[in-house]
Amino acid sequence: MSLWKYANPVKFLALSARVQPYAWAAAAIGILIGLGWGFFATPDDFRQGSTIKIIYIHVPAAWIAINAWIMMLFASLVWLVRRHHVSALAAKAAAPIGLVMTVIGLITGAVWGQPMWGTWWVWDPRLTSFLILFLFYLGYIALWEAIDDPDTAADLTSILCLVGSVFALLSRYAVLFWSQGLHQGASLSLDKEENISDVFWQPLVLSIAGFTLLFLALVLYRTGTEIALRRTRALNVRLDKNT
């Protein structure tokens, strides 16, 4: 069964209507259990104290911020190659969600970093690339709003997304590229020596899963809204031509 059939807005909306209730419910369960378990049932860290518990919001938010842009990259490539409007609208729908998650990541990172580093901000490679990613989100959203023709807007924002993907990848792998940075390594890793303790790892995985499902539900909902808006604009154009 080909996935390309869901480039048809009618079929996409039908699939979205079936998936959304489960995504919303699973997201709520994952977030509530993950945050509840993490904040109230895990001990303080022997070095970071209770500050460690910011991890249950900061890491999932940063995970979504980076991977939302990567999802936008793939959707933009589909638009540029196949000219499927649903993919362009899905990328557009994901951008505000990614922007909010980036803001959450920056704020919680500052709150986490202040007692650890003695400052709210340092020009660490990973933090700097994450801030630049935030600016790319702003530029992407502004570019969509600044151009009246939707296909032209989709073309230009797709190109911007390709450029911004460099910083999305730098945000993810900057710790590996620049070992002198203050930012710690990955909290979740295939290397057991780098992974956090299981007592923190298990609720963190649940939080990440909940945030990921929340992102999926929001993207499906917002893409449906964008499809409806596009249909409304097209209808208005036809009415204007006929009057």
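**Figure 1. Lys 92, Arg 222 and Glu 226 are linked in a network of salt bridges.** The model shown in this and the following views is predicted. Side chains of opposite charge can pair when their charged atoms come close. Here, the side chains of Lys 92 and Glu 226 meet at 3.2 Å, N to O. This pair links distant parts of the chain, with Lys 92 in helix H3 and Glu 226 in helix H6, 134 residues apart. Glu 226 also forms a salt bridge with Arg 222, with 3.9 Å between the closest N and O atoms. Arg 222 and Glu 226 both belong to helix H6 and are 4 residues apart, about one turn of the helix. Lys 92 is buried, at 12% relative accessible area, as is Glu 226 at 8%, whereas Arg 222 is partly exposed at 25%.

**Figure 2. A salt bridge joins the side chains of Arg 83 and Asp 155.** The N to O distance is 2.8 Å. Arg 83 lies in the loop between H2 and H3, and Asp 155 lies in helix H5 (residues 150-177), 72 residues apart. Arg 83 is partly exposed, with 37% relative accessibility; Asp 155 is likewise partly exposed, with 24%.

**Figure 3. The second largest pocket holds about 570 Å³ of space.** It is lined by 20 residues, of which Leu 3, Tyr 6, Phe 12, Val 86 and Ala 90 are the closest to its centre. Helices H1, H2, H3 and H6 each supply at least two lining residues, and H6 gives the largest share, 5 residues. The lining comprises 17 nonpolar residues, 3 polar residues and no charged residues.

Methods: Residues numbered from 1 in each chain as written. Predicted model: local features only at pLDDT ≥ 70, side-chain atom pairs only at ≥ 80, totals over all residues. Heavy atoms only, no water. 1 Å grid on protein atoms, 1.4 Å probe; cavity = no way out; pocket = protein on both sides within 12 Å on 5 of 7 lines; lining within 4 Å. Points joined across faces, edges and corners; volume = space filled by probe spheres on them. Nonpolar A, V, L, I, M, F, W, Y, C, P; charged D, E, K, R; others polar. Salt bridge = Lys/Arg side-chain N within 4 Å of Asp/Glu carboxyl O. Buried < 20%, exposed > 50% of the residue type's maximum accessible area, 1.4 Å probe, protein only.
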